[in-house]
Amino acid sequence: MNGTAARERIVELARAEGFALIGFAPAGEMPGPREAALAAFREGRLAEMAWMTPEWLVHATNPGAFLPGARTVIVLALPCHAPDPISPHPSSLTASRGRVARYARGRDYHRVFEKKLRRIARTLRDELGAAARATVDYGPLLERPLAVLAGAGWQGKSAMLLVPGFGPWVMLGAIATDLEVEPGASLRKSCGSCTRCLAACPTGALSPAGHVLDSRLCISYHTIENRGPIPHALRPKFGDWIFGCDECLDSCPVGAAQLESHPDFVASRFDDAFPPLAELLALDDEAFAERFRGRAIMRAKRDGLLRNVCVALGNVGTAPDFAALAAALDDHSPLVRGHAAWGLGRLAAREALEPEAAAALEARLAMEEDPFVRNELTTALGNLVATQRSEP
Ligand code: B12
Ligand code: SF4
Ligand code: SF4
């Protein structure tokens, strides 16, 4: 089959799967993105994402290593800019709520993509006799530089792929194939003088000139990928985010008017986007798995999500949340207990509940054996004393 006919068939298959954007990148090595990714590794900007080793990054910038004989990478995107779900009546909105990144409010996008991409790859193999291999996110291919090479968009100062009409609000997947398809023409666009995302990032994770992200400072990294404690200095900057962060996307003017999403990414309930925080602290492993089965939030695991909830309650919780945080001081996970101590101390200082918080923290300290948790309890108690002293 010639390149034009192959292209037409692929576009037809991808449209039938609902893809909003279909691009074709050459399958050669990507030395520029490889060097940038290796520099990110060398400088520690990939934090503790253990799978992103130099070897992985070299593979991920070489489609030929992903599929021997690859000539083209088909880049496919689904939009994920669903409007916020309509809030229930204010009288039922008394609880403090967290915030989930838009892409993670509906079904897990990995599963949504996997099914669609596999069906297309299978047809390419069965019908066209081509080699074809699909990947999404965790697979060894860096998707944003491929999308740029396919002419789908440009990488903005936020590091996001910006697509005309959609802005940063697309999720990506790819299929490498040995079919030869004419690549898309590169888009000659840039962010120009805009710097909105740089100002909007709460933690300064984006470099002053943009394009370079330090995962060690990124809320998305910590709430999704980090398996350990969240650094103290960052916690107050997390606001109500409990899974992912959309600040650099929300601030972007490109595609801002286009509120479009694949239906699977739309929150079915208000609570899927803005969950009541205190009730999440009551989830055990089983209840967590039951509540978040089939959703991207599973990635954080139960202890990671509850850690994030403790931080959010420390930032936005009110007096009625005190009991849930105090109970979390006895959680079976040291990670949760330690962050509950921090959250309780912050909430108490805001809500004038210092004596009650001090009593709860001291009671826990008397029986606590874990060094990390003891340190968190002692620090929280010390901060409470300091706030009480500074009061007139
Ligand atoms: C690891 C990872 C993360 C990490 C680290 C992100 C990072 N920037 O490194 C963390 C957990 C922090 C993360 C967060 C998010 N992620 Co993520 N992530 C990935 C993953 C697996 C690899 C990304 C990567 O290549 N990192 C390596 C670094 C070095 O690459 P980079 O940041 O793109 O760096 C490029 C630029 O720095 C550029 N560059 C360097 N210098 C310069 C200078 C100039 C002038 C220019 C123009 C460019 C440039 O070159 C580098 C290579 O191309 C991809 C999936 C995949 N397989 O590709 C998804 C992916 C990038 N993530 C995605 C999403 C949606 C997110 C979040 C929005 C999720 C959320 N709401 O919380 C945030 C956004 C954070 C952000 N501003 O980028 C989407 C992005 C879609 C899009 N439209 O861009 C992807 C493609 C997943 C998918 N399948 O859709 N992510
Ligand atoms: S995801 Fe949030 S913390 Fe990370 S770079 Fe964007 S705005 Fe900053
Ligand atoms: S907010 Fe402005 S600078 Fe940042 S990615 Fe969007 S257009 Fe580029």
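**From the ligand shell to the sheet**

Modeller: This is a predicted model. Start at ligand 1. Its shell holds 37 residues, and Ala 36, Ala 101, Leu 161, Ser 220 and Gly 244 come nearest. Sorted by class, that shell has 26 nonpolar residues, six polar ones and five charged ones. Several elements each supply at least two residues: α2 (31–42), α6 (143–149), β7 (170–177), α8 (219–225) and α9 (247–250). One strand is on that list, β7. That is the part to examine.

First, its surroundings. Is β7 mostly covered or mostly open? Mostly covered: eight of its eight residues are buried. The side chains split by direction. Val 170, Leu 172, Ala 174 and Ala 176 point one way from β7. Met 171, Gly 173, Ile 175 and Thr 177 point the other way. Both sets are buried.

Next, the neighbours. Strand β2 (residues 72–79) joins β7 through eight bridges, and the two run antiparallel. Ile 74 is bridged to Ile 175 of β7. Ala 77 is bridged to Leu 172 of β7. Strand β4 (residues 132–135) also joins β7, by four bridges, again antiparallel. There, Thr 135 has Ala 174 of β7 as its bridge partner.

Now β2 itself. This strand is mostly covered too, with eight of its eight residues buried. Thr 72, Ile 74, Leu 76 and Leu 78 point one way from β2, while Val 73, Val 75, Ala 77 and Pro 79 point the other way. All of these are buried. Strand β2 also pairs with β1 in the antiparallel sense, over six bridges. One of the partner pairs is Ala 25 with Val 73 of β2.

Four of them form an open sheet, in the order β1-β2-β7-β4, with antiparallel pairing. The edges are β1 (21–26) and β4, each with a single partner strand, so one side of each has no neighbour in the sheet. From one strand to the next, the twist averages 25°.

Two more ligands deserve a look. Which residues surround ligand 2? They are Cys 201, Thr 203, Ala 205, Leu 206, Leu 213, Cys 218, Ile 219, Ser 220, Cys 245, Glu 247 and Cys 248. The elements giving two or more residues to this shell are α8 and α9. Those two helices also each supply at least two residues to the shell around ligand 1. Ser 220 is in the ligand 2 shell, and Ser 220 is among the residues that come nearest to ligand 1. By class, the ligand 2 shell has eight nonpolar residues, two polar and one charged.

Ligand 3 has 14 residues around it. Gly 156, Cys 191, Cys 194, Cys 197 and Cys 252 come nearest.

Step back to the chain. The domain assignment gives domain 1 (3–89 + 102–177) and domain 2 (278–392). Their C-alpha centres lie 38 Å apart. The contact takes five residues from domain 1 and four residues from domain 2. On the domain 1 side, the touching residues are two nonpolar, no polar and three charged.

Ser 268 is found in the loop between α9 and α10 (270–273). Why does Ser 268 count as exposed? Because there are 12 other C-beta atoms within 10 Å, and the cut-off for exposed is 12 or fewer. Ser 268 is 61 residues from Ser 207 in sequence, and their C-alpha atoms are 36 Å apart in space.

Terms used:
Residues numbered from 1 in each chain as written. Chains lettered and ligands numbered in written order. Predicted model: local features only at pLDDT ≥ 70, side-chain atom pairs only at ≥ 80, totals over all residues. Near = placed C-beta within 6 Å. Nonpolar A, V, L, I, M, F, W, Y, C, P; charged D, E, K, R; others polar. Buried ≥ 20, exposed ≤ 12 C-beta atoms within 10 Å, placed from the backbone. Pairing = 2+ DSSP bridges. Axes fitted to C-alpha atoms, helices over the stretch in contact; angles between N-to-C directions. Domains from an automatic or database assignment. Contact = placed C-beta atoms within 7 Å.
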